[in-house]
Amino acid sequence: MPSVRELMARHRASPATVQQAIQRVAAEGLVEVRPGRGSFVARRQATSEQDLSWQAVALGEGRPGEDLVANLVAVPKPEAIPLSSGYLDPDLQPTEALGAALSRAARRPASWGRVPVEGKEELRAWFAKEAGGELRAGDMTVCAGAQEALATVFRGLADRGDAVLVESPTYLGAIAAARDAGLKVVPVPADQDGVRPDLLRAAFERTGAKLFYCQPLHANPHGAVLSEERRPEVAQIVRGAGAFLVEDDWARGFTVDGTAPPTLASQDVDGHVVHVRSLTKVAAPGLRVAVIGARGPAGIRLKNTRSKQDLYVAGPLQEAAIDFVTSPVWRRHLRTLQQSLRARRDFLVRAVREHLPEFDIAPSSGGLHLWARLPDGVDDLELTAAAAARDVVVFPGRPWFAAEPPGSFLRLTYGGAPEHVLAEGVRRLADAVAAVRG
């Protein structure tokens, strides 16, 4: 390489700047610094050692969309503004209480021993009480997060090639888990009152499906709550089909307007509802604790399926979860969280209406997200890319549909950043919309 003096003259840089630049590229392995001789471009390894093209043949056909979940939960770069996120803003996470609970759990020698496959009984009993109805501790199986729970349900209750009905739109992680289990994902349109019963009945009749995946409370991404009028009709349709309804109760604790309805599991008398709930969303990303609740042979099969994937959730984490949710701090956290989320939701709605008045925002009484239909001529994928160029993270609507989407949408999150950050994100998003329109 040229000498330091020559680089200084060529780039009009100070000696310190040149030295820092050389040290950086040396640290990356691009340059070798040889004392007394100078800096040399590092030798490249032989091409044959870098050639990984053989893997394309070994891996065979790709799996379209399998990277979507990874993209959804990817950690954004520090300078990026998260207008779409699956987790709470760190300021809203009860990390101090969780840290204290984990510290206490770690000091108990019994925490480090073997754990039953189905999980610790006290934790299972808490989840069962929260779900209500006929579910008991013996019906619950603890999992390492909701994604693992969903994968267990789809693998345990269906065979490859079977159809599974899902709301449309719905959580893309559920779509990915079902497809990974070899299932055919059949969308059933939903509106602001939840899944449409007439179309659900038709889908069961056409496909012969034995599984229906549903988010009856603040559905992700569109925020709908299954209405009181539709709940008994949906239950009757599932019973008539001799099927299971997989209730993903992901948003329990996130209701900011009114009172959350009871779980579907609490109104289930014949064991048709398979209940899934996680603590991760409502607490912190590191609290990877969830549960599956199912009665009868279905519960036994799911426990066995779970044991084949991962023997059990780590004992200290389960102990910490028990400590946290059975202490007064849990209810205080929920009250504070709901107040904060209500304020942030209202702020984000106002900001979007001010800077992006053509966005059609679906009503939201809770959850973490707003679902926005984009104006004509604005493509969700193009807008996502334009926003990323301005260091704003949004997520396009297209992947949330198991089939063709009826339009262009964005999922915007109000729980992932404070208000001043949300405001700047919306302003940059408005610039991105203008750029897409040309």
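What share of the contacts in the chain with a separation of 6 or more comes from residues 24 or more positions apart? Such residues account for 74% of those contacts, a contact being heavy atoms within 4.5 Å.

This is a predicted model, in which local features need pLDDT of at least 70 and side-chain atom pairs count only at pLDDT 80 or more, while totals for chains, interfaces and linings use all residues. Residues are numbered from 1 along each chain as its sequence is written, and side-chain values use heavy atoms, with hydrogens and water left out.

**The whole chain**

Begin with the C-alpha trace, which spans about 85 × 60 × 50 Å along its principal axes.

Next, display the surface. The accessible surface of the chain is about 21,300 Å², and 52% of it belongs to carbon and sulfur atoms; such areas come from the Shrake-Rupley method with a 1.4 Å probe, and for residues only the protein chains shown count as cover. Of the 438 residues, 50% are buried. Buried means under 20% relative accessible area, exposed means over 50%, and partly exposed lies in between (1.4 Å probe, protein chains only).

Now select the charged side chains. There are 53 positive and 52 negative ones, and the centres of the two sets lie 5 Å apart. Here Lys and Arg count as positive and Asp and Glu as negative, with His and the chain ends not counted; the place of a charge is NZ of Lys, CZ of Arg, CG of Asp or CD of Glu.

**Salt bridges**

The structure holds 20 salt bridges, each a side-chain nitrogen of Lys or Arg within 4 Å of a carboxyl oxygen of Asp or Glu.

Select Glu319 and Arg108, whose closest N and O atoms are 3.3 Å apart in a salt bridge. This pair links distant parts of the chain, 211 residues apart: Glu319 belongs to helix H13 (residues 315-325), and Arg108 to the loop between helix H6 (95-106) and helix H7 (121-131). Glu319 is buried, at 16% relative accessible area, whereas Arg108 is partly exposed, at 33%.

Move to Asp249 and Arg252, which meet in a salt bridge of 3.0 Å, N to O. Both of these residues are buried.

Then select Arg398 and Asp380, where the closest N and O atoms of the salt bridge are 2.7 Å apart. Arg398 lies in the loop between strand E15 (395-396) and strand E16 (409-413), and Asp380 in helix H15 (residues 380-388), 18 residues apart. Asp380 is buried, with a relative accessible area of 1%, while Arg398 is partly exposed at 32%.

**Cysteines**

How many disulfides does the chain contain? The count is zero, a disulfide being a pair of cysteine sulfur atoms within 2.5 Å. Select Cys143, for which the nearest cysteine sulfur, that of Cys214, is 19 Å away. Cys143 is buried, at 0% relative accessibility. Cys214 is likewise in no disulfide, and Cys214 is buried with a relative accessible area of 0%.

**Helix H9**

Finish at helix H9 (residues 172-180), where the buried residues are Leu172, Gly173, Ala174, Ile175, Ala177 and Ala178. Following H9 is Gly182, with a positive phi near 85°.

Key
Helices (H or I, at least four residues) and strands (E, at least two) are DSSP runs, numbered from the N terminus.
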